[in-house]
Amino acid sequence: MENRVVLTGALAEQAALRYTPAGLPALDLRIEHSSQQQEMGNARNVTASVKAVAFGPLAEKLARQAPGSQWTFQGFLATPRNSKMLVLHIQDIQQN
């Protein structure tokens, strides 16, 4: 069973491109999401700040993008060791 998370948002913060011990490019970033959703028949304005990480060619591509640029991100959620914060592991991107 595949459960993918799809999130639209802007690149809010990007750390410097780093490399894993195996030599794989990695990028830690924060995505700012804003939308209007329906909840029990009422419109609700929703905002969220989401921590995310990308690896490989996606990390290299995102590291070259301007802060504030709009994207659709797809991936999965995970909790890193020694943390309680969810992190979106980005597997696919599309510029909006």
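User: What do the side chains of glutamate 32 and arginine 30 meet in?

Analyst: They meet in a salt bridge, at 1.9 Å from N to O. The term means a side-chain nitrogen of Lys or Arg within 4 Å of a carboxyl oxygen of Asp or Glu. This is a predicted model, in which local features need pLDDT of at least 70 and side-chain atom pairs count only at pLDDT 80 or more, while totals for chains, interfaces and linings use all residues. Residues are numbered from 1 along each chain as its sequence is written, and side-chain values use heavy atoms, with hydrogens and water left out.

User: How many salt bridges by that rule?

Analyst: The count is four. Among them, arginine 30 pairs with glutamate 13, with the closest N and O atoms 2.7 Å apart. Arginine 30 is in strand 3 (residues 25–39) and glutamate 13 in strand 1 (residues 5–14), so this pair ties together parts 17 residues apart in sequence. Strands here are DSSP runs of E, at least two residues, numbered from the N terminus.

User: Which residues are linked in a network of salt bridges?

Analyst: Glu13, Arg30 and Glu32.

User: And how exposed is glutamate 32?

Analyst: Glutamate 32 is partly exposed, at 32% relative accessibility. Buried means under 20% relative accessible area, exposed over 50%, and partly exposed in between, using a 1.4 Å probe and protein chains only. Arginine 30 is partly exposed at 22%, and glutamate 13 is partly exposed at 45%.

User: Which residue does arginine 44 form a salt bridge with?

Analyst: Glutamate 39, with the closest N and O atoms 3.0 Å apart. Arginine 44 has a relative accessible area of 45%, which is partly exposed. Glutamate 39 is partly exposed too, at 43%.

User: Switching to strands. How do strand 5 and strand 6 pair?

Analyst: Strand 5 (residues 70–78) pairs with strand 6 in the antiparallel sense, over eight bridges. Two strands count as paired if DSSP finds at least two bridges between them. Glycine 75 has isoleucine 90 in strand 6 as its bridge partner.

User: Do strand 4 and strand 6 run parallel or antiparallel?

Analyst: Strand 4 (residues 42–55) and strand 6 (residues 87–95) run parallel, joined by two bridges.

User: What stands opposite valine 53?

Analyst: Histidine 89, in strand 6.

Definitions and conventions. Helix = DSSP H or I, 4+ residues; strand = E, 2+ residues; numbered from the N terminus.
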